[in-house]
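Here are some notes for a colleague who is opening this structure for the first time. They are set out as numbered points, to be read beside the sequence and the 3D view.

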Amino acid sequence: MDKHITVPFGEKEARELKSGDYVYLSGIIYTARDAAHKRMYEALEQGEELPFDIRNNIIYYMGPSPAREGRPIGSAGPTTASRMDKYAPALLELGQRGMIGKGKRSEAVRQAIIKNNAVYFAAVGGAGALLSKAIVSSEVIAYDDLGTEAIRRLEVKDFPVIVVIDSEGNNLYETAAKAYAELEA
Amino acid sequence: MRTIHVDEVIKNVKEMCIEANHFLTEDMDMALTKAGKTEKSPLGKQILGQLKENLCIAAEDMIPICQDTGMAVVFVEIGQDVRIEGGLLTDAVNEGVRQGYIEGFLRKSVVKDPILRENTKDNTPAVIHYDIVAGEKIKITVAPKGFGSENMSRVFMLKPADGIEGVKNAILTAVKDAGPNACPPMVVGVGIGGTFEKCALLAKQALTRPVNQHSDIPYVKDMEEELLCRINKTGIGPGGLGGSTTALAVNINTYPTHIAGLPVAVNICCHVNRHCVREL
């Protein structure tokens, strides 16, 4: 089912999203990948504040290519989410509402999604040029020294994603592949 | 004896890095179009359509096809009657990569040390494989490799008794484990034989062979066809979201090996299977 929603959003909206829904996101999302997650995790361990208020926000696992003149961003597709599995449960506990990435998640992440009424979206991997067209503006807000891995605040309009793991823990990667698997003779 | 100046190498490598990251080869484009027609899942069809649209936007607006513009893998076949002048060939290849990634607005994804992880900021060094061949030309293949799929690649040191079934199972295992992580539809490069490192190199080279061209060894061609069919029955589908297009091709290269061994490498590549070839 196609849905249009505004980001950030709360627990109620998250619970309405179901595995397999095709969703267009408009509003504000934040980027962070391996190095930024490691740094945020270390900040939390030392009792420091995160560089942005994570409550109800969506983190896009993405490190863009450089923007050409006149464009907000370069190519901007999702990176493999499982590399952030170590850090995601702690952030979901703090109220992070969801993530956009690609690929499988650990059981610990799935449980944290259920517990915190969150959602895991996939964007189409390897479609970075297409996805960049749904990004209206981009601004580095933290960890500038990390280059492509810095935390960016993105304004998006109709950014296309698919609900993979919903707040009940249903996982599209498992159900969809089973639906199309053909038994070998 | 023919002399080639390093400036010629720099210029071509630079252009090839930019070209490979914005334009796929025609065989890849055709394979994606064909998949869009045969895909059984409506969502899978929609995703394949988006991948085609993505290729058009990349080419028209000069936005890299994928933000992971890869680590530059460069194959250099040097004719033994060529003399290089003006500097070291390796330095020239790296300079070409440096210029290509900076001037082409490509992402710098290389860290100087695997543990300390400080970005080199120009995507160098490249991973360069040299081969000395007959003649007085240099053939350069630039194949930027993204790591979503590279991370899902495997080496299996099988026993001779495992035979061809063991090889097929190894390939299927690698593909199933990769699943949605490797950005399917994938291209599966396989190396069978040689040694531990040789089979990995064979697998990488197999990815640069056109996806509509089979091995000329009859049993290998049969295996390529059979495995593609079986991989597409796993149900993984485009984006891993279910469907009948999980791979676009299985390319297998072989090499003689030891009486005690049967090494198999599976180098998985996403649908952005980039390579660009030039002869100087």
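1. A residue is called buried here if 20 or more other C-beta atoms lie within 10 Å of its own, and exposed if 12 or fewer do. By that criterion, 49% of the 185 residues of chain A count as buried. Please keep in mind throughout that this is a predicted model.

2. As to the overall make-up of chain A, there are six helices and seven strands, and from the N terminus on they follow one another as β-α-β-α-β-α-β-α-β-α-β-β-α. The radius of gyration of chain A is 16 Å, close to the 16 Å given by the globule rule for 185 residues, so the chain is as compact as a globular protein of that length. Taken along the principal axes, the C-alpha atoms of chain A fill a box of roughly 55 × 40 × 35 Å. Among the contacts in chain A with a separation of 6 or more, 61% are between residues 24 or more positions apart.

3. Which residues of helix α4 of chain A are buried? In this helix, which spans residues 107–115, they are A:Val109, A:Ala112 and A:Ile113. Seen down the axis of α4(A), the buried residues fall within an arc of 105 degrees, so they line one face of the helix. An α-helix has 3.6 residues a turn, so residues three or four places apart point the same way.

4. The surroundings of α4(A) can be described from both sides. Its buried residues pack against α3 (88–93), β5 (119–122) and β7 (151–165) of chain A, while the face turned away from the buried side carries the exposed residues A:Glu107 and A:Ala108. The helix is followed by A:Asn117, whose phi is positive, near 50 degrees.

5. Turning to chain B, four of its strands form an open sheet in the order β6-β9-β7-β8, with mixed pairing. The edge strands, each of which pairs on one side only, are β6 (154–158) and β8 (247–257) of chain B. Ignoring direction, neighbouring strands of this sheet are turned against each other by 15 degrees on average.

6. Eight of the eight residues of β9(B) are buried, so the strand is largely enclosed by the rest of the structure. B:Leu262, B:Val264, B:Val266 and B:Ile268 point one way from β9(B), whereas B:Pro263, B:Ala265, B:Asn267 and B:Cys269 point the other way, and all are buried.

7. The pairing of β9(B) can be followed residue by residue. Six bridges join β7 (residues 186–194) of chain B to β9 (residues 262–269) of chain B, and these two strands run antiparallel; B:Val188 stands opposite B:Ile268, and the bridge partner of B:Gly191 is B:Ala265. Five bridges join β6(B) to β9(B), which also run antiparallel, and here B:Met157 has B:Pro263 as its bridge partner.

8. Which strands does helix α8 of chain B lie across? This helix (residues 218–231) lies across β7 and β8 of chain B, and it runs at about 145 degrees to β8(B).

9. The last point concerns the two chains together: 43 residues of chain B are in contact with 39 residues of chain A. Helix α3 (residues 42–61) of chain B gives the most to the side of chain B that touches chain A, with eight residues. By class, that side has 17 nonpolar, 19 polar and seven charged residues.

Technical notes:
Residues numbered from 1 in each chain as written. Chains lettered and ligands numbered in written order. Predicted model: local features only at pLDDT ≥ 70, side-chain atom pairs only at ≥ 80, totals over all residues. Contact = placed C-beta atoms within 7 Å. Nonpolar A, V, L, I, M, F, W, Y, C, P; charged D, E, K, R; others polar. Arc of directions from axis to C-beta. Rg over C-alpha atoms; globule rule 2.2 N^0.38 Å. Pairing = 2+ DSSP bridges. Axes fitted to C-alpha atoms, helices over the stretch in contact; angles between N-to-C directions.
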